[in-house]
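Good morning, and thank you for coming.

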Amino acid sequence: MHLLNLGILAHVDAGKTSLTERLLHSVGVIDEIGSVDTGTTQTDTLALERRRGITIKSAVVSFAVDDVTVNLIDTPGHPDFIAEVERVLGVLDGAVLVVSAVEGVQAQTRVLMRTLRRLRIPTLVFVNKIDRRGAEDERVLRALSERLCAAVVPMGTTDALGTREARFVPGLGPRALDVLADHDDDLLSRYLEGAVPDDRLHAALVDQTRRCLVHPVYFGSAATGAGVAELVAGIKELLPAADGDPEGPLSGTVFKVERGPAGEKIAYARVFSGALRIRDRIPFGEPREEGRVTAISVFDRGADNRRDTVPAGRIAKLWGLEGIRIGDALGEPRTAHEHHFAPPTLETVVVPGPATDRGALHLALTRLAEQDPLIGLRHDEVRRETSVSLYGEVQKEVIEATLADEFGLDVTFRETTPLCVERPAGTGEAAEFNKRGENPFLATVGLRVDPAPVGAGVDFRLEVELGSMPYAFFKAVEDTVRDTLTQGLHGWQVTDCTVTMTRCGYSPRQSHAHQGFDKSMSSTGADFRGLTPLVLVEALRRAGTRVHEPMHRFRLEAPADTLGALLPVLAALRAVPRTTASRGDSGVLEGVVPAERVHELEQRLPGLTRGEGELESVFDHYAPVTRGTVPRRPRTDHNPLERKEYLLNVTRRVGS
């Protein structure tokens, strides 16, 4: 028996959760099909998912098709939960992309297909809702080819389209041969010489699908079951089995973390090589700390069953790894985890209700961030506030409802603001010396800040000899530099810079040979951690920083006769169209818009385009703030920009 880890992805409301239910029913895992509307589906288990009829957290179910065991992962479709999709992609062997036969290719469909193709994940397309009024097949096939730039192979035709009797008629037609011959010279030669045998055509289809050259397209309906049997057969025959070396060193990846009924941490992981056993001590995460696995549950035939071992290729739930985080490598790390989607670009402050305990709220938010590492928390101890980073406004509703349902906490939110960054405008240098001037710390630190190319992040370098003082002091300076740069001159994270240590010095440990030990005259790591922020912010002051706001790249398609009303609105929202094109009776605008304006544009678009406008946006870059007041962010540290205040908070050894 071979194994396949399969993801189901789609634009919101395309029907992928309903398709999951139909798949589980068709293979005998469930006796009755659940409904998204009534909240009885297998994979949408959260109360909020059932109420809203959307998927928020990925879920795993398992079933068998003859000799193939499929671990099926239902993923969110709403753009606000794209981080959930990102984490799943790294554990997939294949995918099914669901498209509505009525709405066709939508904004999120394009984002998902681009990512699937870039990661070379073999993908089948299921065109759902052929039983709905307004369903079309040829229009959707054209959109798949043109808007997704994908080579698609129709696996059959439809009959009685748009009625409850709609059905899928399997069979490869001439179009399939044309598409497959484009990627196979031998097949093209046979095509030109005469008929191509069915087995040769099928072999080419399997090979090109597994190499991500083509995408087979099935039509059907999750509601009636039309086309689902053919899709199941395609999943079995066309998608590749999970690979992995069972004899190799242990290597796995955690893609989901949740808490059990007793508060215990449960990690969802895929094992790529080796085997993981109960009571194994395994290294995980960046610090490579070790943990002992206390229990294992493996997904199999519709349930997760307790096992003693997880073999290569399997997905399992693991207990006992209390320090585990999403994205952590188990055992021997594979390639570094990459973000396939942009990080959040918005932020809001959580406001506790009158009866809400702040300590309980802090714990609850920490638990939520633990399950979603791209949703960062920022605690302001002075103002006693907590900010959360977001992808969009729907996430605020989800966080609010989750805190109420799971933790019994009442919260509201302040207005959403963009998450900006700071970049050095030039070069700046500063230094403070041990036992000189107003420096109360037993340390010498000199730092230079230089701009670096966009995307370079933060690089720390030395221009002093590594052996000139204990390594622990150099490490204290580097760690403090990186921590201090999370809040620049305007309060935003400073990025794309090189920080060079230009001077160093310390007071050696006093010993009995030198008239007795005196701890107050010996440098410690605390001296370097205390002094570094003062030196660094002075270097930043001399370099200067510019605040950059997040910008989204947008693609807007709307009826051509509505563009006249759209353009002034785009200008008012500071959106800049860069290209325009015609597509039938529609106009297509592409350009950039500030991230903070995307939600307003989404809200106003239906009224401006008679409900026919379609907007796709994704983070593209940070641009300098050139209009209005430069945005500032309240500081949450001891504020090294104010020396006296900082020293009062950090040390008691304040110089006169």
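Let me begin with a charge and a ring: the charged end of Arg306 sits over the ring of Trp319, 4.3 Å from its centre. Here "over a ring" requires NZ of Lys or CZ of Arg within 6 Å of the ring centre and within 35 degrees of the ring normal. Arg436 is likewise placed over the face of Phe433, at 4.4 Å from the ring centre.

A word on the basis. This is a predicted model, in which local features need pLDDT of at least 70 and side-chain atom pairs count only at pLDDT 80 or more, while totals for chains, interfaces and linings use all residues. Residues are numbered from 1 along each chain as its sequence is written, and side-chain values use heavy atoms, with hydrogens and water left out.

Next, the cores. A nonpolar core is a set of buried (under 20% relative accessible area, 1.4 Å probe, protein chains only) Ala, Val, Leu, Ile, Met, Phe, Trp, Tyr and Cys residues joined through side-chain atoms within 4.5 Å. The largest comprises 76 residues, and those with the most contacts inside it are Leu19, Val96, Leu144, Leu231 and Ile235. What does Val96 contact, leaving aside its neighbours within four places in sequence? Its partners, by heavy atoms within 4.5 Å, include Leu6, Ile8, Phe126 and Leu231. Apart from this core lies another, of 31 residues, among them Met469, Ala476, Val477 and Leu536.

Finally, on burial, Phe473 has 9% relative accessibility and counts as buried.

Note on methods: Buried means under 20% relative accessible area, exposed over 50%, partly exposed in between (1.4 Å probe, protein chains only).
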